[in-house]
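Thanks for coming. I will keep this short and go from the sheet to one residue in it.

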Amino acid sequence: MTLNENNYASSYLSFGQRQAGVSLVFSPEEQKFFYNAYCVEAKLLKELFSVEYEFLEDALETINQEFGQWELVEFEAKKKTCGDCAAKR
């Protein structure tokens, strides 16, 4: 499975400790958003690849061509804490 316009914000591609995906970034100089196609070494928090695109389709195409054979993983949902417990209210 690959990233697409329906899952890019909630999923990423994974291989070992590496994570590839598409994120939305804002450029204050240009006063607009761009799509960042990225790959990072998650354990070291080191960026290995990063390219900004004006259009989502271009960012998705780049990520899927380069890393499309990796496993598609959803970002973890927010874990509930004691502060979320109904019994505490």
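Two strands are taken as paired if DSSP finds at least two bridges between them. Strands (E, at least two residues) and helices (H or I, at least four) are DSSP runs, numbered from the N terminus. This is a predicted model, where local features need pLDDT of at least 70, side-chain atom pairs count only at pLDDT 80 or more, and totals for chains, interfaces and linings use all residues. Residues are numbered from 1 along each chain as its sequence is written, and side-chain values use heavy atoms, with hydrogens and water left out.

Strand β1, residues 11-15, runs antiparallel to β2 and is joined to it by 3 bridges. Phenylalanine 15 has arginine 18 in β2 as its bridge partner.

Now the whole sheet. It is open, has 5 strands with antiparallel pairing, and its order is β4-β3-β2-β1-β5. The edges are β4 (46-53) and β5 (71-74); each has a single partner strand, so one side of each lacks a neighbour in the sheet. From one strand to the next, the twist averages 35°.

Helix α1, residues 56-67, lies across β1, β2, β3 (32-41) and β4, at about 160° to β2. Axes here are lines fitted to C-alpha atoms, for helices over the stretch in contact (heavy atoms within 4.5 Å), and angles run from 0 to 180 degrees between N-to-C directions.

Last, serine 27, in strand β2 (residues 18-27). A polar atom of the serine 27 side chain lies 3.3 Å from the backbone nitrogen of glutamate 30.

Methods. Polar contact = N/O pair within 3.5 Å; in protein donor to acceptor, adjacent residues only side chain to side chain.
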